[in-house]
Amino acid sequence: VHMTPPLNSSPSRRVRREPGEGLLAFFLLLPAAALLLGVLLFPMLTTFRDSLYLNKLTEPWLTGFVGLKQYAQMLGDARFGAALRNTLFFGVLTVGGSFLVGVPMALAAHLPSRARDVARVALLLPWAMPPVITGLIFAWLFNAQYGVFNDLLVRAGFIQEPLRWLSTPGLSVLA
């Protein structure tokens with residue numbers, strides 16, 4: 001006869017550790033943490049330090065420490081606001097889109113059906129296709145003269161003449 005223990009008497013599942021185990025884990029992780037900090041922190045700090053001086057490549061006749069003056073100039077520039085908006089737009093769109101598409105695709109990849117095979121191919125295709133090829137395909141899809149998107153929109157009657165997707169500022173962001 002199988003008897004279940006009462007609900008309030010759950011056995012303790014505490015894992016016993018040896019006395020020096022935490023210290024050993026710390027020392028084993030230390031080289032990887034130091035390398036990660038070196039690869040991330042060193043370039044960030046040197047870039048920030050260099051940004052406090054005039055750029056010798058664009059203005060070789062000027063040298064010297066300018067402090068945060070270049071940052072103030074950047075914040076006052078209208079192009080900075082547009083660049084920040086575009087960056088936030090693409091960041092939110094990319095992360096949100098990846099989540100909204102990726103989670104259902106990952107769930108479909110584990111279904112016992114035909115959808116599983118299609119989902120697995122769709123998940124692996126972007127990884128297997130080099131970014132240069134992907135860029136060329138999208139440049140072809142959005143081409144003003146013979147692009148697929150323009151052709152579909154003209155045939156459907158949504159537009160009268162092809163759009164210049166990649167050379168029009170408002171459309172290029174959407175494309």
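Read along the sequence, the protein follows the pattern α-α-α-α-α-α-α, and its secondary structure accordingly comes to 7 helices and 0 strands. The model described here is a predicted one. Of the 175 residues of the protein, 10% count as buried, and the protein exposes about 15400 Å², of which carbon and sulfur atoms supply 71%. Among the contacts in the protein with a separation of 6 or more, residues 24 or more positions apart account for 8%.

Two packed helices are described by the angle between their axes and the distance between the axes. In the pair formed by helix H3, which spans residues 78-108, and helix H4, which spans residues 114-128, the angle is about 135 degrees and the axes lie 8 Å apart. Because angles over 145 degrees count as roughly antiparallel and those from 65 to 115 degrees as roughly perpendicular, H3 and H4 are therefore oblique to each other. The crossing in which H3 passes H4 is left-handed.

On the side of H3, the contact is made by Met105, Ala106 and Ala108, while H4 contributes Ala115, Arg116, Ala119, Ala122 and Leu123.

Conventions
Residues are numbered from 1 along each chain as its sequence is written. This is a predicted model: local features need pLDDT of at least 70, side-chain atom pairs count only at pLDDT 80 or more; totals for chains, interfaces and linings use all residues. Side-chain values use heavy atoms; hydrogens and water are left out. Axes are lines fitted to C-alpha atoms, for helices over the stretch in contact, and angles run from 0 to 180 degrees between N-to-C directions. Helices (H or I, at least four residues) and strands (E, at least two) are DSSP runs, numbered from the N terminus. Angles under 35 degrees count as roughly parallel, over 145 as roughly antiparallel, 65 to 115 as roughly perpendicular and the rest as oblique. A crossing is left-handed if the near helix is turned anticlockwise from the far one by less than a right angle, and right-handed if clockwise. Contact means heavy atoms within 4.5 Å. Buried means under 20% relative accessible area, exposed over 50%, partly exposed in between (1.4 Å probe, protein chains only). Accessible areas come from the Shrake-Rupley method with a 1.4 Å probe; for residues, only the protein chains shown count as cover.
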